[in-house]
Amino acid sequence: MNNMNTFRLALAGIIVFGSTLPIFANAESVDVKYRGLVDLAPFQCEWLSRSSFIKRLCYDAKEQYVVVNLTGIYYHYCEVPGNIVSGWRQVESMGRYYNSRVKGRFDCRVFRVPTYNR
């Protein structure tokens with residue numbers, strides 16, 4: 001086999017293998033304070049521009065688990081009901097809602113922390 005055919009075979013392999021990469025390229029993990037790395041694949045996340053305090057809100061409805069970015073640091077909250085999260089996403093002041101409805105109420109030292117298979 002000459003060099004050109006070897007190159008074509010290698011390129012075809014890269015193209016075929018590369019077509020599966022977007023599955024993995026979209027995977028994202030974040031470092032959550034007091035927990036470590038959390039894979040965001042099962043979460044519904046949104047970046048927020050309307051709050052100076054809440055930068056990103058991620059929710060796994062199945063596990064009722066919240067990962068939230070508060071001014072650059074990710075924190076987690078456990079056993080958070082869906083109605084709390086949907087209300088949080090809709091309010092005018094997300095920071096005020098966080099302080100009154102989330103902070104101190106869904107402590108993962110008290111409530112069940114979900115485990116995710118790796």
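## Surface and basis

The accessible surface of the protein chain is about 8,000 Å², with 55% of it belonging to carbon and sulfur atoms; areas come from the Shrake-Rupley method with a 1.4 Å probe. Of the 118 residues in the chain, 34% are buried (under 20% relative accessible area, 1.4 Å probe, protein chains only).

The model is predicted: local features need pLDDT of at least 70 and side-chain atom pairs count only at pLDDT 80 or more, while totals for chains, interfaces and linings use all residues. Residues are numbered from 1 along each chain as its sequence is written, and side-chain values use heavy atoms, leaving out hydrogens and water.

## Fold

The chain has 4 helices and 6 strands (DSSP runs: H or I of at least four residues, E of at least two). From the N terminus, their order is α-α-β-β-β-β-β-β-α-α.

## Nonpolar cores

The largest nonpolar core holds 18 residues, and I54, L57, V66, V68, Y77, V80 and W88 have the most contacts inside it. A core joins buried Ala, Val, Leu, Ile, Met, Phe, Trp, Tyr and Cys residues through side-chain atoms within 4.5 Å. Helix α4 gives the largest share of this core, 4 residues. Apart from it lies another core of 11 residues, including V30 and C58.

## Largest pocket

The largest pocket has a volume of about 300 Å³, the space filled by probe spheres set on its grid points. A pocket is an open set of points on a 1 Å grid where a 1.4 Å probe fits, with protein on both sides within 12 Å along at least five of seven lines; lining residues have an atom within 4 Å of a point. Y77, Y98 and C108 are among the lining residues, and strand β6 (residues 73–78) gives the most, 3 residues.

Terms used
Buried < 20%, exposed > 50% of the residue type's maximum accessible area, 1.4 Å probe, protein only.
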